[in-house]
Amino acid sequence: MTPQIETDEHKALRAAAATLGAKYGRTYLTRTIAEGRPPTELWQEAGKLGYLGVNLPEEHGGGGGGITELSIVLEELGAAGSPLLMLVVSPAICGTVIARFGTDHQKRTWLPGLADGSLLMAFGITEPDAGSNSHRITTTARRDPASGDWLLTGRKVFISGVDIADAVLIVGRTEDARTGRLKPCLFIVPTDAEGFQKRPIDMELNAAEKQFELTLDDVRLPADALVGDEDAGLLQLFAGLNPERIMTAAFAIGMGRHALSKAIEYARDRTVWKTPIGAHQAIAHPLAQAHIDLELARLMMQKAAHLYDAGDDAGAGEAANMAKYAAGEACVRAVDQAVHTLGGNGLTREFGLASLITAARVARIAPVSREMILNYVSHQTLGLPKSY
């Protein structure tokens, strides 16, 4: 018996998300970018329909699904030309971490709003001197012995959507009094906290969501700002990073599908001599290859999401990295081939593909570079020694 890749419920969710995406489309997203504002209308409608919190627990306003369902939503919105980058951050990373490790109070405070879109949370891990090496994070939290509050100090860079976020889930470090070593911990930091400053980073990337550098100067947080166990360390951190990789794959696959659909439509209709250009194998075969690459990446993404939702964090880590790598490569190739298929038209605003040339590369770079994923597979899967 052939195993079912997607359930009937998943197929229905995919169709519904595609309908919502088509209602807005690439034109809507392009307009919001030109106006310098986030895609608020799409975000709010997705929240009302239950799509933003489809992965969050039902008892806290979510859909009771998992990353499998949320990745379907993001992929279909991307395929329609209107992906929501903050889906990767707010419900997938922050919502997942709080749902798994947060206190009852944190869950009641944040999850319903994250699910319906009325609250939004950013995620802060990357630092100027600690990009791929999360072990070098220097943002430090120390206790105020008088009050029990936390005092958080440090810097973060390339943090998405801080201007529209109510809080940032910050990855910091506490000091182990027994060993003197710094341990990673997660803190909910309101964006209006005293000592919290944000500075927009001037990006050539044309996206609706802005990037920021953060400075935290003795930001005072209550004791319950800590998410989870102070001693859990990397377990809690990677509970958020694996969904991030899976959702980045969904983002890339959706973008690749959108570009490919534009190229296919053009290749069917564009006639230079007697037949449409899509009849020529030099045009048709690269588009077919791009489709194959995207489908293969989707299969790995589905495997990663399934493993994560089943609670297999170790298995999901390997699959999520592979999915992110495969999707990033497939997206870049699909966008490049789509632009090439349209020729000069591929660089015009009318067809809307040229801006994807830069956007597609994000999936190769963030949240972890393809080279670091190859390192991961080399060490963790193949058992080869490290060079660092």
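Helix α1 (8–34) and helix α2 (residues 40–48) have axes that come within 11 Å and cross at roughly 165 degrees; helices here are DSSP runs of H or I with at least four residues, and axes are lines fitted to C-alpha atoms over the stretch in contact, with angles from 0 to 180 degrees between N-to-C directions. The two helices are therefore roughly antiparallel to each other, a term for angles over 145 degrees. The model is predicted, so local features need pLDDT of at least 70 and side-chain atom pairs pLDDT 80 or more, while totals for chains, interfaces and linings use all residues. Residues are numbered from 1 along each chain, and side-chain values use heavy atoms, without hydrogens and water.

Where the helices touch (heavy atoms within 4.5 Å), L20, K23, Y24 and Y28 of α1 meet T40, E41, L42, E45 and A46 of α2. These contact residues divide into five nonpolar, one polar and three charged; Asp, Glu, Lys and Arg count as charged, Ala, Val, Leu, Ile, Met, Phe, Trp, Tyr, Cys and Pro as nonpolar, and the others as polar.

Helix α1 also gives the most to the lining of the second largest pocket, with five residues. A pocket is an open set of points on a 1 Å grid, with protein on both sides within 12 Å along at least five of seven lines, and lining residues have an atom within 4 Å of a point. This pocket holds about 340 Å³ of space, the volume filled by probe spheres set on the points, the probe being 1.4 Å. Its lining has 16 residues, with R26, T30, R349, G352 and S355 nearest the centre.

Terms used. Parallel < 35°, antiparallel > 145°, perpendicular 65-115°, else oblique.
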